[in-house]
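Hi,

Here is the structure I promised to pass on. Please have a look at it when you get a moment, and then read on for my notes.

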Amino acid sequence: ESTLGAAAAQSGRYFGTAIAAGKLGDSAYTTIANREFNMITAENEMKINATEPNQNQFNFTAGDRVYNWAVQNGKRVRGHTLAWHSQQPGWMEAMSGAPLRQAMINHINGVMNHYKGKIYAWDVVNEAFDDGNSGARRNSNLQRTGNDWIEVAFRTARAADPAAKLCYNDYNIDNWSWAKTQAVYNMVRDFKARGVPIDCVGLQSHFNNNSPYNSNYRTTISSFAALGVDVQITELDIVGGSATTYANVVNDCLAVPRCTGITVWGVRDSDSWLGANTTALLFDGNGNKKAAYNSVLNALNAA
Ligand code: G3I
């Protein structure tokens, strides 16, 4: 196959990208995105500050632009993200305790109801654990509503849209030897044991010098999968754009049946949140395929 999406589909997987609504008028951007990818994540447009800028006043204008572009072009959509400490609107940042807990539940219901039956998988909770060696939860206003906020979010999400897969999504949980990875693993194991609804774990996979790709990545993927959840690589980028590392990531996913798809976090280097000079993606700023692109395509085609 000659595109990433079609190559991934040979093994029943998808290959996705993050799309920014503000770039949908750029035909160089949409041409590549439409040709290569078959799963779409809104880079910012379905986040809390975008979808509920004022409490209980939902706004899906930008989210729908991304959603409609994706579906009109035959692609599926990952929802990102419903409960997160970051990119909260000011009204939510100012809240705490029981009212915040209720606002979180109301937010999940409002957004999931709008997209009911239309989303392949939702990142229900994003980045709830601390970096470093503690294995602790991240201290946030949501965490301070009580340690059960994550499972409440997942139970709310299941009831709101039973058709969507429900994911826990985080960064720095790709290295199996890290405390943060083990902490998330233990949470997912506990959720499965207690019947808290969770279907998938999203490994963001932002690789750089401080958190480089490690050869135990495949162990991380297979270990989560063995708990009975899908694993999705949700926000892949690799600073420096190593073709070898990109191939390793793809091959690690392909080695685990329940690794169901890969999303890169942007189309061209110039679209990356990291800045074009990090050359972290698969296309250069002119839209040319990079060595990393060929490496990914070849790995997918060899599966
Ligand atoms: O839209 C405003 C614009 O009106 C304003 O003029 C401009 C001035 O700064 O800011 C614009 O908003 C920016 C937004 O991206 C849209 O471009 C925000 O400042 C900026 O903070 C925001 O960054 C996003 C970041 O999440 C926020 O946390 C990145 O685009 C996005 O790629 C990044 O994605 C996150 C995932 O959601 C979660 N995992 C990590 C990943 C990378 O940080």
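Does Glu235 count as buried or exposed, and what is its relative accessibility? Glu235 has a relative accessibility of 5%, and because anything under 20% is classed as buried, Glu235 counts as buried.

Before going further, a word on the model: it is predicted. The protein chain has a mean pLDDT of 98, with 100% of its residues at 70 or more. For the complex, the predictor gives an ipTM of 0.95 and a pTM of 0.98.

Glu235 sits in strand S8, which covers residues 230-238. Setting aside residues up to four places away in sequence, Glu235 touches His80, Asn169, Leu203, Gln204, Ser205, His206, Thr263 and Trp265. With one of these, Asn169, there is also a polar contact, side chain to side chain, at 3.1 Å.

The largest pocket

Glu235 turns up again in the largest pocket, as one of the residues that lie nearest its centre, together with Glu127, Gln204, His206 and Trp273. The lining comprises 19 residues, and the space in this pocket is about 370 Å³. Two elements, strand S3 (76-84) and S8, each give two or more residues to the lining of the largest pocket.

The cavity

There is one cavity of 30 Å³ or more in the structure, and the volume of the largest cavity is about 30 Å³. Its lining is made up of Trp84, His85, Glu127, Ala128, Arg138, Ser140, Gln143 and Trp149. You will meet Glu127 in both places: it lines the largest cavity and is among the residues nearest the centre of the largest pocket.

A loop residue, Leu281

Finally, have a look at Leu281, which is in the loop between strand S9 (259-264) and helix H11 (291-302). Its relative accessible area is 0%, so Leu281 is buried. Apart from neighbours within four places in sequence, Leu281 is in contact with Leu236, Asp237, Tyr246, Val264, Trp265, Gly266, Val267, Arg268, Asp269, Ser272 and Lys290. Asp271 is ten residues from Leu281 along the chain, and their C-alpha atoms are separated by 8.7 Å.

Happy to talk any of this through.

Best wishes

Conventions. Residues numbered from 1 in each chain as written. Predicted model: local features only at pLDDT ≥ 70, side-chain atom pairs only at ≥ 80, totals over all residues. Heavy atoms only, no water. pLDDT = per-residue confidence, 0-100. Helix = DSSP H or I, 4+ residues; strand = E, 2+ residues; numbered from the N terminus. Buried < 20%, exposed > 50% of the residue type's maximum accessible area, 1.4 Å probe, protein only. Contact = heavy atoms within 4.5 Å. Polar contact = N/O pair within 3.5 Å; in protein donor to acceptor, adjacent residues only side chain to side chain. 1 Å grid on protein atoms, 1.4 Å probe; cavity = no way out; pocket = protein on both sides within 12 Å on 5 of 7 lines; lining within 4 Å. Points joined across faces, edges and corners; volume = space filled by probe spheres on them.
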